[in-house]
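Reader: Before I use any of the labels attached to this model, I would like to see each one set against its cut-off. Could you take me through them?

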Amino acid sequence: MLQRRSRTLIQSARISGQVFCSAPSPHSPVHAASEQAKGLAAKALWHRRYQPLPGWLATLTVGAAAAGIVAANLEEVPLTGRKQLQIKWLQPGTKSMGWIPDVEEFALMHEPGRPNLSTAQNKQLRLDGGKLMANLFYKAVFSTHMLASEHPDLRARLFSLPETAMLAYYPDQLDSSVSYSEGPSCAWYDFWSIHKAKRQFKVMLSAGFLLEHRSINSLVWVMGHEFAHGIAKHPTESDSWALVATGVIFSRLALSTIPLLPAIALGCVLSTITRHVVIGRWLSQRHEHEADVIGTAIATAAGCSTKDILYALIVGCGGLAAEVDAERMLTEYGIPAHQQQVLARLRTLIPHGQLPGRIDDARDIRLISATIATELSAASAETFQLACKYLAELDVDLALCWLFLRDPLKPWVSTHPYWLDRIAHVKASKYFQEPHVARPVMTEAAAAHMLKYGYDGQALLTAYHASPEWPAFVAGLDRDLPHESAEEKYRTRVATRMRSPDSLLSWMDIRAARQYELFTSMC
């Protein structure tokens with residue numbers, strides 16, 4: 001009896017397994033519904049869709065909606081008056097007027113993948129650099145308060161700035177670098193990420209940058225420039241344009257006949273390119289010019305002179321670095337040597353002509369032409385052709401100098417304007433003037449912060465430069481990171497600091513005149 005029941009259960013189980021595991025019959029309702037669902041899904045994802053509006057009308061509708069959103073969210077940048085896009089819900093809430101951002105986190109940073117070189121021997125050096133950075137930051141903050149008392153638009157903007165700051169100092173970075181960011185960034189695929197973390201100022205500064213500045217006032221301009229990015233809300237402006245551009249792209253694709261999956265993929269690609277290439281390149285140079293102007297106003301309020309500001313622009317904005325790189329590339333390509341060879345041939349061809357020792361700009365070539373014109377008028381045809389050939393080679397060398405000294409493609413691909421253009425832009429601003437007061441008047445809260453981080457910034461900077469820990473620290477960097485040439489970078493930073501401001505300003509004027517001559521000769 002028990003065996004008969006067991007056989008019955010086993011047979012029932014086999015029948016059930018066949019029913020559930022076997023494929024449905026082609027004529028069954030389940031199979032028909034499954035095939036219909038697959039067909040609808042494939043049609044929705046891969047087939048051309050019905051277009052509810054004509055193409056021109058869809059484009060006009062999406063463009064008008066975007067224009068309305070932009071017009072409703074325009075704000076005016078304090079101190080410059082430029083209209084900028086600021087989507088309201090991307091911004092933090094308002095706060096009280098007693099705004100002095102707290103340094104919530106002070107980080108002695110080192111890049112991932114690099115050894116942490118923080119030791120007891122260089123502890124004081126690292127702490128001095130951090131204290132100096134905090135001193136610069138609060139000077140920029142208090143100078144901003146000074147300006148806010150005179151500019152109502154800036155006073156209103158202070159209500160919506162981040163309440164905290166993170167100052168990141170890289171003691172083992174002997175490259176000259178400084179940057180500003182404000183997190184979290186708004187990505188096209190996660191627009192709500194802006195609310196997931198508290199926004200704060202983030203200023204990153206390397207030890208090499210502090211080493212090459214001899215004056216605390218020039219560093220105040222640099223910190224004011226980075227602080228100006230936050231005052232002008234440049235990160236939020238970039239996020240706002242990215243949000244509008246992404247909405248336009250996906251809305252227009254939704255009103256097209258492109259299948260769903262290709263439309264989503266195309267929208268992701270176009271949004272990424274627009275965010276990082278189009279908007280990034282379009283806004284970055286404008287933001288740098290604007291930060292230069294606002295930073296100049298902050299530095300002037302802090303008591304910095306126009307000479308301090310120009311010195312900061314030359315050293316901090318890559319003027320000297322660009323000059324060194326350009327001269328190095330000219331030498332590597334043999335342009336100065338070829339120029340001297342051509343001049344030697346001209347002297348041999350025209351022995352009585354008074355030729356210059358080198359060609360710096362178009363005026364020198366015009367001088368050579370005027371000098372040899374008399375002798376060439378009586379020379380043979382062969383001599384005349386050779387002289388014309390040599391002059392043409394000098395013109396080519398001059399054109400190559402212009403290409404190296406000022407790459408014509410750089411304004412289109414670089415995130416930063418050319419350093420001479422930045423200086424000209426700052427000089428043209430109304431804030432480029434001598435300060436009315438030697439030092440800003442501070443409130444009790446400001447004085448408390450400055451007491452905490454050391455008020456005499458110049459003494460801090462001098463002590464930082466003269467620290468006896470530098471030789472051992474640089475030797476440790478060379479030992480642990482031999483590929484980075486720490487000793488050479490340290491010597492370069494110190495050599496930059498040793499150059500007098502007057503000599504740098506004179507060199508800048510000469511370079512600007514030469515650039516103008518080079519440019520006009522190519523036009």
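Author: What follows is a set of questions about labels, each answered from a value and a definition.

Author: This is a predicted model, in which local features need pLDDT of at least 70 and side-chain atom pairs count only at pLDDT 80 or more, while totals for chains, interfaces and linings use all residues. Residues are numbered from 1 along each chain as its sequence is written, and side-chain values use heavy atoms, with hydrogens and water left out.

Reader: Why is C304 called buried, and why is C268 called partly exposed?

Author: Buried means under 20% relative accessible area, exposed means over 50%, and partly exposed lies in between, with a 1.4 Å probe and protein chains only. C304 has a relative accessible area of 0% and is therefore buried, whereas C268 has 23% and therefore counts as partly exposed. Across the protein, buried residues make up 46% of the 523 residues.

Reader: How many disulfides does the structure hold?

Author: The structure holds zero disulfides, a disulfide being a pair of cysteine sulfur atoms within 2.5 Å.

Reader: What is meant by a nonpolar core, and which residues have the most contacts inside the largest one?

Author: A nonpolar core is a set of buried Ala, Val, Leu, Ile, Met, Phe, Trp, Tyr and Cys residues joined through side-chain atoms within 4.5 Å. The largest such core has 78 residues, and L174 and W470 are those with the most contacts inside it. Helix α4 (residues 123-148) gives the most to this core, with twelve residues. A second, separate core has 16 residues, among them I350, A362, Y390 and L394.

Reader: What does L174 touch, once its neighbours within four places in sequence are left aside?

Author: With contact taken as heavy atoms within 4.5 Å, the partners of L174 include A207, L211, W470, V474 and R493. For the protein as a whole, 82% of contacts between residues at least 6 apart in sequence join residues at least 24 apart.

Reader: Why does S215 count as buried, and where is it placed?

Author: The relative accessibility of S215 is 16%, so it counts as buried. S215 is placed in the loop between α6 (207-211) and α7 (216-231), and it touches D308, Q458 and L461, not counting residues up to four places away in sequence.

Reader: Why is L53 called partly exposed?

Author: L53 has a relative accessible area of 27%, and is therefore partly exposed. L53 lies in the loop between α2 (29-46) and α3 (55-72); its C-alpha is 8.3 Å from that of S256, although the two residues are 203 apart in sequence.

Reader: How do you know that E237 and R82 meet in a salt bridge?

Author: A salt bridge is a side-chain nitrogen of Lys or Arg within 4 Å of a carboxyl oxygen of Asp or Glu. The N to O distance between E237 and R82 is 3.0 Å, so the pair meets that definition. E237 lies in helix α8 (residues 234-254) and R82 in the loop between β1 (74-76) and β2 (83-85), so that, at 155 residues apart, the pair links distant parts of the chain. Both E237 and R82 are buried.

Reader: What are the accessibility labels of K389 and E393, and why?

Author: K389 has 43% relative accessibility and therefore counts as partly exposed, while E393 has 16% and therefore counts as buried. K389 and E393 form a salt bridge whose closest N and O atoms are 2.7 Å apart, and both lie in helix α14 (residues 381-405), four residues apart, about one turn of the helix. A search of the whole structure finds 13 salt bridges.

Reader: Why is K307 called partly exposed?

Author: The relative accessible area of K307 is 38%, so K307 is partly exposed. The side chains of K307 and D502 meet in a salt bridge, at 2.9 Å from N to O.

Definitions and conventions:
Helix = DSSP H or I, 4+ residues; strand = E, 2+ residues; numbered from the N terminus.
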